[in-house]
Amino acid sequence: MHEFKYKRDILFCEEVKVQDLAIKFATPLYVYSWNTFINHYLKLKNAFQEVRPLICYSVKANSNLMILKALVDKGAGLDIVSGGELFRALRVGCPSSKIVYASVGKTDNEIEEAIKSGILFFNVESLPELQNINRIAGRMRKVTNVALRINPVIEPKTHKFITTGKLTNKFGVDFKTAADILDNGGSLSYVKIKGLHIHIGSQITIREPFVAAIKKVVDFIGVIKKKGIGIEYLNIGGGLGIIYHNETPQTADEFAKKVLPILKRCGLKIIMEPGRFIIGSAGILVVKVLYVKKTRDKKFIIVDGGMNDLIRPALYDAHHEILPLENTGYARSNREKVDIVGPICESADFFAKGRVMAKIKERDYLAITCSGAYGFSMSSNYNSRRRPAEVMVRGREVYLIRERESYSQLLRNEKIVKL
Ligand SMILES: Cc1ncc(COP(=O)(O)O)c(C=O)c1O
């Protein structure tokens, strides 16, 4: 459920007309609904309350400081993957005891910074990384907690670029390697293996892959327990899918009902790392129609947002519902097939192809829905375009939570040197 709804044919975010925001802050513009993402966080928390999980929101999904702060204020931890995300997490006052750190390629500096700040643990993705953390922790004379990320070899039935738990993916270690590492756990004196971690992919809309992966890892925990190897945490990752188009993903309650019995069996503290589930449908990208261009074969709606603002259609062929901010009767009864494209010099710069839409005119505004996750956080300055502003709505209140980049900010780190 989200809080972007038509009231008398006008699109609102909570109690605010989206068009008023587009006029006030200009476009392209990201608009987020506070009540939507907080509600999603609480839904998950409540569904799993029997095991009192630590929900570490996945910063990569949307890393705006205000969104992180709002979730941290509600008790969330954070799942990070870089020094930059650690910097953000600490900036919003996330207790370091609620930060978990994944990524297959953590650098020495990043590892050192994370050890210094006392994060809960690293999710370790390979033996060389584990040895490196041990070396750095040894140099710092600080024993450091880690969880081993297991690749459970599961087909999550999602887009191939966002599967992470198959044999061909670069993430985690297989069960055999994990068992060997745990058997030799004592040989690394500066790392303590406190947990196991899985994350099999993103936008997973069916429950079977989650259940299969969790079962596999819980069985494995049973085996290592018998050997006398004790761990404290099981981190089941993120990956819960949302409705972009006509998907029928599981709700938080359905998910909990299926996996809670298995989780309770293992008796460990549970960590979850949702990103998209929390913020995905809580954000839209508002764009303005610049031109309507007819060619012999097609009608192009050219808007002022581009693939640099929202790359998901170009990268994953992702479907986003696109809604007019004013859904008038005239528009509804004059439907036509169009391509909605941006101004960037790439044919991949599109938001929809061959989409049957209500009639669109120049200067209309459109909302590209479900853009809260992997929207702004994957944006770039390609074509020297300034990244958009971000606005958060809570009830009737509107907060500018990121200003549109200026031209001077675009150039801020560049130098013209004397040759
Ligand atoms: C390790 C890890 N945890 C959590 C997530 C969040 O995934 P999602 O946004 O699908 O919940 C990701 C995203 O790819 C990830 O790589």
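Visitor: In what order do the strands of the open sheet lie, and is their pairing parallel or antiparallel?

Guide: This is a predicted model. Its open sheet of 3 strands has the order β1-β2-β3, and the pairing is antiparallel. The edge strands, β1 (4-7) and β3 (16-17), each pair on one side only.

Visitor: How many bridges join β1 to β2?

Guide: Strand β2 covers residues 10-13, and 4 bridges join β1 to it.

Visitor: Which strands close into a barrel?

Guide: Follow β5-β6-β7-β8-β9-β10-β11-β12: these 8 strands close into a barrel in that order, with parallel pairing. From one strand to the next, the twist averages 30°. For a detail, take β10 (residues 191-197) and β11 (residues 233-235), which run parallel and are joined by 3 bridges. There, H197 has N235 in β11 as its bridge partner.

Visitor: Which residues have the most contacts inside the largest nonpolar core?

Guide: The general idea is that nonpolar side chains in soluble globular proteins tend to be buried together. Here the largest nonpolar core has 111 residues, and V31, L78, L148, V286 and A367 have the most contacts inside it. Helix α8 (residues 208-226) gives the most to this core, with 6 residues. Domain 1 (4-31 + 280-410) and domain 2 (103-272) each supply at least three residues to this core.

Visitor: What does A367 touch?

Guide: Leaving out residues up to four places away in sequence, A367 touches F4, L11, V18, I284, V286, I322, L323 and L325.

How values were computed: Residues are numbered from 1 along each chain as its sequence is written. This is a predicted model: local features need pLDDT of at least 70, side-chain atom pairs count only at pLDDT 80 or more; totals for chains, interfaces and linings use all residues. Two strands pair if DSSP finds at least two bridges between them. Helices (H or I, at least four residues) and strands (E, at least two) are DSSP runs, numbered from the N terminus. Axes are lines fitted to C-alpha atoms, for helices over the stretch in contact, and angles run from 0 to 180 degrees between N-to-C directions. A nonpolar core is a set of buried Ala, Val, Leu, Ile, Met, Phe, Trp, Tyr and Cys residues joined through C-beta atoms within 7 Å. A residue is buried if 20 or more other C-beta atoms lie within 10 Å of its own, exposed if 12 or fewer, and partly exposed in between; C-beta atoms are placed from the backbone. Domain bounds come from an automatic or database domain assignment. Two residues are in contact if their C-beta atoms, placed from the backbone, lie within 7 Å.
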